[in-house]
Amino acid sequence: MTLMDSFKDLEYSQAMESDAIAIEWLKKNKNRFGQYIDGKFISQKNAKLIDVTSPNDSTLLAKIETSDNNQIEKAVEAAIRSQKSWFDMGGHERAKILYSLARSLQKHARLAAVLETLDNGKPIRESRDADIPLAIRHFYYHAGWAQLQNSELSEYEPVGVAAQIIPWNFPLLMLAWKVAPAIAMGNSIILKPAENTPLTAMLFSHLCHDAGVPNGVINIINGGAETGATLAAHPNVDKVAFTGSTAVGREIRKSTAGQGKKLTLELGGKSAFIVFDDADLDSAVEGLVDSIWFNQGEVCCAGSRLLVQSSIEEKLHKKIKKRMEKLRHGRSLDKSIDIGSLVSDTQFKRVNSIVNDGLTKGGKLFQSGCPLPKNNYYPPSLITDIDSSHPLSQEEIFGPVLISMSFRTQSEAIDLANNTRYGLSASIWSENINRAMDVAPKIKAGVIWINSHNKFDASCGFGGVKESGFGREGGKEGLYEYLKPKKFVVGKTMATKKAPKKHDNSQIDRTLKFYIGGKQVRPDGGYSVPVYNSDSSLEVWVGSGNRKDIRNAVSAACKAEGWNSQSAHNRAQILYYFAENLSIRKNEWVERLQINCGLTNNMAVKEFNESVSRLFSYAAWTDKYDGLVHNAPYRGVTLALPEAVGVIAQIAPDLQPLISCISLIAPAIAMGNRVIFIPGISNANIALELTQVIETSDIPPGVINIVSGDQNLLAEQLAGHAEVDSLWCWTTPSTVSLIESTSIENLKRLWCNKDNDRDWLIKKQSEGLEFLRQSTEIKNIWTPYGD
Amino acid sequence: MDNNNSILTRNPGTEFRSDVFSKIKINRSAVEKRCAEYSARRSIKKQDQAAWLMKAISLIDLTTLSGDDTKARVKRLCRKAINPLNDKLVKNLSIESLKLSTAAVCVYHDMLSAAKKSLEGHNINLAAVSTGFPAGLSPLPLRIEEIKYSVAAGADEIDIVISRRHVLEGNWEDLYSEVKSFRKASGKAHLKTILATGEIGNLANIAKASQVCMMAGADFIKTSTGKEPTNATLPVSLVMSRMIKDYYELTGYRVGFKPAGGVSDSKTALQYMIMMKEELGRRWLEPDLMRFGASSLLGDIERQLDHYSSGYYSAHYRHPLA
């Protein structure tokens, strides 16, 4: 082609980034990688090998060795051995090493980018401009938290040994999201990269070596899903952090059930991309390019569900189709392309079959006519004429496939956006700030982007709700995933059973009913159980609940959603009123605590006073547990808002029944949640007697629901109920195990504790931020501005 | 569909329709994000780059708009417009047959006759800035007369300035009739309307002013006079090109785009050209639909082409001054 031809055509150039640097690095490592354990690169001659191929052209890049159980064991041992001294080294020393890791990654940024693109198939532009810089920023950012840990997080200590399992869509970035906060806070880790994209993790292991990370703090092992499952289930692993598909997330939940491990799951999504009639439509179309056609749509938070206001539907579709024609597909190392290759042949087939199967049930497919290279290149696709019941509008496709539905009103947009099992992210396109800020809190998702999509930064928490998982990565909120409160010194919390005063047996025989939806109701099954006093005399009968009582309680709690939209000031007023009404019944309660629990007068007075005080504390917190404004590098603000989790079920301890009941219910309702409270059976009457105080305190029906009975049975029902958003428990390991395995399917948030892990009378152990954090989910709302 | 050489039908304008622009929304952050991507998403290298830069030359309105302009100065400018690249370079590139020149020479009215003489026999348009350029605050009848004077003096194109106050005060209908009267006065000469984007507030105003000017019959919409504190920028240009696209879809008429001021090197010029190709298509990379209002851009392009041809960077002084 002559210059004159080029002058006539004015085409773009194919601008191939050279892969020489990466090929050379692979060669230097003999195109084979083993494990990185305890600071050593371990290779085994007879290891089972996995081929790592480039999805671009199926060339073999390297072989990795699958780690065997013995190696997993060694990695865990090394992590345990190194963890304490790593933490004890101090924040500043750890900060220096994280900083050095960031610098080191920066120095090798180009190698990392090329390696990532070869391995994953994503465009070099994205690995160069997004994946690698964001990963580097993560290490810088968390170096800062290591430095500040001692002053800002002195009440916490590291969880210990973390197993981290990462996916193939952003290999190095996901590594950074996991590794940086974990080691910054003084944990040691064992990371397992995805078996089809392990190469940048292998590069990272070499950088760790050079950056002076102490042996054993970072261990990287290779292998498939089985290796991941074995690692996650290892009894000496304290924390499991996983990013990947919801199906594998369930597997991990299953393999760790009964272990009471701290868990972060960042799973799938079917995020809504909501375009209102007052949006900048051309910008919204570009937003879709950043959203569903970023990383070939292999993004958990891709805006894969377009919801468009009907009045502009036709116009927007036209614009989208025009824009799709301009998208360029091509070899991933070409700098002139928008969309590269899917990660593997398997993924290509998967996307293809989901779309083809889906289309048999209706829907109109539009694909751009851009010429495609061979191999795993899937064309950008738009599917219209489908509705919410269509499988393609529910199922995560994980490819460059956008589906579109329309809505008539703002409230319908919200309903449609929330009509999914997932709850990872959403974007809202509107130039009306009133509308955008009104809709953002109403979408059930962890991340909301206003007039943008797929913005990320280390300073802003990322993570989902519902079946998109739980826990946050990034920001201060993400640190708590790798921290636990410093160990409590628990004294004798059980009251000694001194002979109580004789109870007045002349009073009328009583059976305490449940409290559901603001009414005292009899147990569905008609069963009751006795509650005895500390001297073994009968105090009272209480109902024994079953599945239907739980169903009714959850339903009442769901209906009371309005509680959350009341102003914090109002909720605080009601909590103060609750405290006021409780305090006037002091004599009655002190007597009850003595007789029922065998407390001395002093102890009973103390528990009572402390209970009133605790209600005051949470009334105080109600309008003071503020969010944060994150300082991300863009013109705008990211609001990190603590939002109510929703419906929280609480399996309460037997001990200290009044103060523990108040300590659990108060923070939850203060933050706008509704509660289903299951008291410990031996003192169940205490919570049920509180009903009379609750009823007189203006607490709306359904906000607090109390069901007594066999905790194990009720816990199982609650764990399995999809409308219970979170479950807290202070109970026996066997019940924890039951809860964890029952909630595998619905991936419920759990907060499991041993029943005697703290003294509820001691503020530091039983009141404050830990409880407020469990009562809330942080939603990050990205709000760019500028006119 | 997009034949590069298709003959352009002049935009006759439409009636005034406020519904077309009253609801326009522009999100600055999203616009800026898009602008930052053009050169990251599209590469133009080596021979392609040389070709695009040659094309850029053919899009230039080589301009001098200074108080100290003289006949001699304008003559020199016209020579450069006719021979934008030195003969040796043209030969080395083997593009003699192309007879590459700039699209136009752009001057004040009083320089028209000198320019016309210098350009005689060459296929280069003569453009005059008009209507009380740059502020546009002289009496309307005089501004209209000025256009007629320039057309009579041989101007092929008239670059008018709009009354910024009509935009700032929201008098869209006044803006419409003003531009319409300019269009009428310019007759056969093509009308480029300068929005003075640095002086009309925000991107939404720029979008609305673009629409109103096109309705009033603009052949081109142009960013700036080169005299405002901020001249052409990519975000402003993206908004204007999106409006051109909308107008085309609505009416079927293609309107041209001219960024002016601030496009002074090859890299920037290429960004604008990529933007045009992405937003509007290949057809908009021809001189009847795109121009660069520039004076120093040409020198930089010449050096880049010299580099392409020789492999080494040339010095400014080795290329004739514009």
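Two residues are in contact here if their C-beta atoms, placed from the backbone, lie within 7 Å. By that rule, 31 residues of chain A are in contact with 30 residues of chain B. This is a predicted model, in which local features need pLDDT of at least 70 and side-chain atom pairs count only at pLDDT 80 or more, while totals for chains, interfaces and linings use all residues. Residues are numbered from 1 along each chain as its sequence is written, and chains are lettered from A and ligands numbered from 1 in the order in which they are written.

**Where the chains meet**

On the side of chain A that touches chain B, the elements giving two or more residues are α1 (3-9), α6 (124-152) and α11 (281-291) of chain A. Helices (H or I, at least four residues) and strands (E, at least two) are DSSP runs, numbered from the N terminus. By class, that side of chain A has nine nonpolar, nine polar and 13 charged residues. For this count, Ala, Val, Leu, Ile, Met, Phe, Trp, Tyr, Cys and Pro are nonpolar, Asp, Glu, Lys and Arg are charged, and the others, Gly among them, are polar.

**The two chains in outline**

A few overall values come next. A residue is buried if 20 or more other C-beta atoms lie within 10 Å of its own, exposed if 12 or fewer, and partly exposed in between, with C-beta atoms placed from the backbone.

| Item | Chain A | Chain B |
|---|---|---|
| Secondary structure | 28 helices and 33 strands | 13 helices and eight strands |
| Box of C-alpha atoms along the principal axes | roughly 110 × 60 × 45 Å | about 55 × 45 × 35 Å |
| Buried residues | 57% of 787 residues | 57% of 322 residues |

How does the radius of gyration of chain A agree with that of a compact globule? For 787 residues such a globule would have a value near 28 Å, and chain A has 28 Å, which agrees. The radius is taken over C-alpha atoms, and the globule rule is 2.2 Å times the number of residues to the power 0.38. For the 322 residues of chain B the rule gives 20 Å; the chain has 19 Å, which is close, so chain B is as compact as a globular protein of that length.

**Inside chain A**

The domain assignment of chain A gives domain 1 (20-264), domain 2 (272-455) and domain 3 (513-566 + 646-782); such bounds come from an automatic or database domain assignment. The C-alpha centres of domain 1 and domain 3 of chain A lie 39 Å apart. Seven residues of domain 1 of chain A are in contact with eight of domain 3 of chain A. The domain 1 side of this pairing has one nonpolar, three polar and three charged residues.

Let's zoom in on some residues. Ile72(A) sits in helix α3 (residues 69-88) of chain A and is buried, with 23 other C-beta atoms within 10 Å. Not counting residues up to four places away in sequence, Ile72(A) touches Ser67(A), Ile221(A), Thr230(A), Leu231(A) and His234(A).

Ser291(A) belongs to helix α11 of chain A and is buried too, having 25 C-beta neighbours inside 10 Å. With residues up to four places away left out, Ser291(A) touches Phe273(A), Ala302(A), Gly303(A), Ser427(A), His453(A) and Asn454(A).

Two loop residues have a positive phi without being glycine. Asp38(A) has a phi of about 55°, lies in the loop between β2 (35-37) and β3 (40-42) of chain A, and counts as partly exposed with 19 C-beta neighbours inside 10 Å. Asn375(A) has a phi near 70°, lies between β14 (364-367) and β15 (381-384) of chain A, and is partly exposed with 17 such neighbours.

**Inside chain B**

Helix α4 (residues 71-82) of chain B has twelve residues and reaches 16 Å from its first C-alpha to its last, close to the 16 Å expected at 1.5 Å a residue. That expected span is 1.5 Å times one less than the number of residues. Which residues of α4(B) are buried? They are Val74(B), Leu77(B), Cys78(B), Lys80(B) and Ala81(B). Seen down the axis of α4(B), these buried residues fall within an arc of 160°, so they line one face of the helix; the arc is that of the directions from the helix axis to the C-beta atoms. What covers them includes β1 (60-63), β2 (104-107), α6 (112-119) and α13 (297-310) of chain B.

Finally, the peptide bond from Phe133(B) to Pro134(B) is cis, with omega near 0°. Pro134(B) is in the loop between β3 (125-129) and α7 (140-152) of chain B.
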